[in-house]
Amino acid sequence: MLAAADKTWRMSLFTLESIKKMITGLLSPKNLSGPITIAKVAGSSAQYGFFAWLSFLGLLSISLAVLNLLPIPILDGGHIVYASIEGLIGRPVTEQVQAWANQLGLALVVCVMFFALYNDVLRL
């Protein structure tokens, strides 16, 4: 169990480091992949056996969990930020601010999704 927790921690850090490198320009945004590449890699990993396929699914799940916890409004991490702000100031963030932030967060997530899909189509 400790080995699994250690592996999960290392994969989480790898995901965060990759995001940081992509933002700072040390890693090309062309490395961002969408559903087409994910399906291809899942199929390829399955050819190497059940363990390889399961390992890929684990990596994918950990990466998605880390992304979901980023402090972007509309994601779970954004809701954690709202709750933290409420705890600090003693009242919830106004609905108007939340609505504006959620629209901004949704726009960011949709742009990243389309960019990932665009990268997938270029790889075909």
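T37 is buried, with a relative accessible area of 15%. Here, buried means under 20% relative accessible area, exposed means over 50%, and partly exposed lies in between, with a 1.4 Å probe and protein chains only. The model is predicted, so local features need pLDDT of at least 70 and side-chain atom pairs count only at pLDDT 80 or more, while totals for chains, interfaces and linings use all residues. Residues are numbered from 1 along each chain as its sequence is written, and side-chain values use heavy atoms, with hydrogens and water left out.

T37 is found in helix 2, which covers residues 35-47. Helices (H or I, at least four residues) and strands (E, at least two) are DSSP runs, numbered from the N terminus. Beyond its neighbours within four places in sequence, T37 is in contact with D120 and R123. Contact means heavy atoms within 4.5 Å.

D120 lies in helix 5, residues 95-123. D120 is also buried, with a relative accessible area of 1%. With neighbours within four places in sequence set aside, D120 is in contact with S33, G34, P35, I36 and T37.

The protein as a whole has five helices and zero strands. From the N terminus on, the order of elements is α-α-α-α-α. The radius of gyration is 17 Å, whereas a compact globule of 124 residues would have a value near 14 Å. This radius is taken over C-alpha atoms, and the globule rule is 2.2 Å times the number of residues to the power 0.38. Along the principal axes, the C-alpha atoms fill a box of roughly 55 × 40 × 25 Å.

Of the 124 residues, 19% count as buried. The accessible surface comes to about 9100 Å², and 72% of this belongs to carbon and sulfur atoms. Accessible areas come from the Shrake-Rupley method with a 1.4 Å probe; for residues, only the protein chains shown count as cover. Among contacts between residues at least 6 apart in sequence, 57% join residues at least 24 apart.

Charges were also counted. The protein has 8 positive and 6 negative side chains, and the centres of the two sets lie 14 Å apart. Lys and Arg count as positive and Asp and Glu as negative; His and the chain ends are not counted. Each charge is placed at NZ of Lys, CZ of Arg, CG of Asp or CD of Glu.

The structure holds one aromatic pair. The ring centres of F50 and W53 are 5.9 Å apart and the planes stand at 45°, so the pair is tilted. Rings of Phe, Tyr and Trp (its six-membered ring) pair if their centres lie within 6.5 Å; planes under 30 degrees apart count as stacked, over 60 as edge-to-face and the rest as tilted. F50 and W53 are separated by about one helical turn because they are three residues apart in helix 3, residues 50-68. F50 is exposed, at 60% relative accessible area. W53 is partly exposed, at 31%.

Most residues other than glycine have a negative phi. I74, a residue other than glycine, has a positive phi near 95°. I74 lies in the loop between helix 3 and helix 4 (76-89). I74 counts as partly exposed, at 35% relative accessibility.

Helix 5 also contains V110. V110 is partly exposed, with a relative accessible area of 29%. V110 and L122 are twelve residues apart in sequence, and their C-alpha atoms are 18 Å apart in space.
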